[in-house]
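Please read the numbered points beside the sequence and the model.

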Amino acid sequence: IARLVGLAQRDPSTIAPQLASGVEQAIFEEIGRIHYDEQQDVTHLLAAYRTGAAVAWRHVSDTALQLGVPVETIAGLAAVIFAAVEQLSSSSLRGYERAQTNAEHAQERLRHELAEQLLSDRCDMAALRIAATRAEWTLPRHAAVVLINPDNEVGRVLLDRLDQSCLQLRRPQMLVTIVPDPEGPGRRKRLTTMLRGAGAVVGVTVPLDRLPASMGLAEHALRLKHVLPDEIGRAHV
């Protein structure tokens, strides 16, 4: 407050753009990160800052008037106080968003690692269960792979529309999606409808331990689609 009062008495054109110190901004950025880690709504935090600034300003302005502080100084003080609170709010929001982005990247990495394990013939069920728990993915009894040529723009867009129950990863020459329990009620039909026009190959539905073998067959079918006429290639979809 003392620093802000000093700034309010200066020429506005000479006030440094960073009203909050680097240490203060770092602290408030950490507050935002902790808020994300505790799964709290950041809008409530920012609203609390605004409320706190309004209450503080009411007390400061009342005291300033009692002391006969010039009106120009009071107006300047209001400007710097609310600008400083805005900077601190931005710091907390930045910390919150960085924590969110880091968590999303970490989760995506765990999902990719799980997909790679599912397609590896050297992975056992115990390791899969551990990886699935870390990736927050429920292991299904059966699954199928969907392969699409990465150059197929329509296919890439359609894959992005699949829900989060599907695991995606990129391999040389193909985009791979693991679809859990595709034979569930209506799922195969919805999957076929959704991927129409994507040039996709949908592998055979198999138990998880046979997914690597099913992947091999699907890869062969995708290669055939590149050399056979479209009307024959579609027979492998």
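**Note on the predicted model**

1. Along its sequence, the protein chain runs through the pattern α-α-α-α-α-β-α-β-β-α-β-β-α-α. The chain holds nine helices and five strands. The coordinates are those of a predicted model and should be read as such.

2. Some totals for the chain may be given next. Of the 237 residues in the protein chain, 36% are buried. The accessible surface amounts to about 14200 Å², and carbon and sulfur atoms contribute 56% of that surface.

3. The nonpolar interior deserves attention. In soluble globular proteins, nonpolar side chains tend to be buried together. The largest nonpolar core here has 26 residues, and the members that touch the most others are Leu114, Leu118, Leu119, Leu147, Ile178 and Leu211. Two or more residues of this core come from each of the helices α4 (71-118), α5 (125-134) and α8 (211-227), and likewise from each of the strands β1 (142-148), β2 (167-171) and β3 (174-180). Helix α8 supplies the largest share, five residues.

4. Apart from this core lies another one, of 13 residues, which includes Ile148, Leu159, Leu175 and Leu195.

5. Which residues does Leu147 touch, leaving aside those up to four places away in sequence? Its contacts are Met174, Leu175, Val176, Gly199, Ala200, Val201, Met215, Ala218, Glu219 and Leu222.

6. The aromatic pairs number two. In one of them, the ring centres of Phe28 and Tyr49 are 5.4 Å apart and the ring planes stand at 65 degrees, so the pair is edge-to-face. Because Phe28 belongs to helix α2 (residues 22-37) and Tyr49 to helix α3 (residues 42-66), this pair ties together parts that are 21 residues apart in sequence. Tyr49 has a relative accessible area of 15% and is therefore buried, the cut-off being under 20%.

7. The rings of Tyr36 and Tyr96 also form an edge-to-face pair, because their planes lie at 85 degrees, with centres 5.4 Å apart. Tyr36 sits in helix α2 and Tyr96 in helix α4, so this pair ties together parts that are 60 residues apart in sequence. Are the two partners buried or partly exposed? Tyr36 is partly exposed, at a relative accessible area of 22%, whereas Tyr96 is buried, at 14%.

Definitions and conventions:
Residues are numbered from 1 along each chain as its sequence is written. This is a predicted model: local features need pLDDT of at least 70, side-chain atom pairs count only at pLDDT 80 or more; totals for chains, interfaces and linings use all residues. Side-chain values use heavy atoms; hydrogens and water are left out. A nonpolar core is a set of buried Ala, Val, Leu, Ile, Met, Phe, Trp, Tyr and Cys residues joined through side-chain atoms within 4.5 Å. Buried means under 20% relative accessible area, exposed over 50%, partly exposed in between (1.4 Å probe, protein chains only). Helices (H or I, at least four residues) and strands (E, at least two) are DSSP runs, numbered from the N terminus. Contact means heavy atoms within 4.5 Å. Accessible areas come from the Shrake-Rupley method with a 1.4 Å probe; for residues, only the protein chains shown count as cover. Rings of Phe, Tyr and Trp (its six-membered ring) pair if their centres lie within 6.5 Å; planes under 30 degrees apart count as stacked, over 60 as edge-to-face and the rest as tilted.
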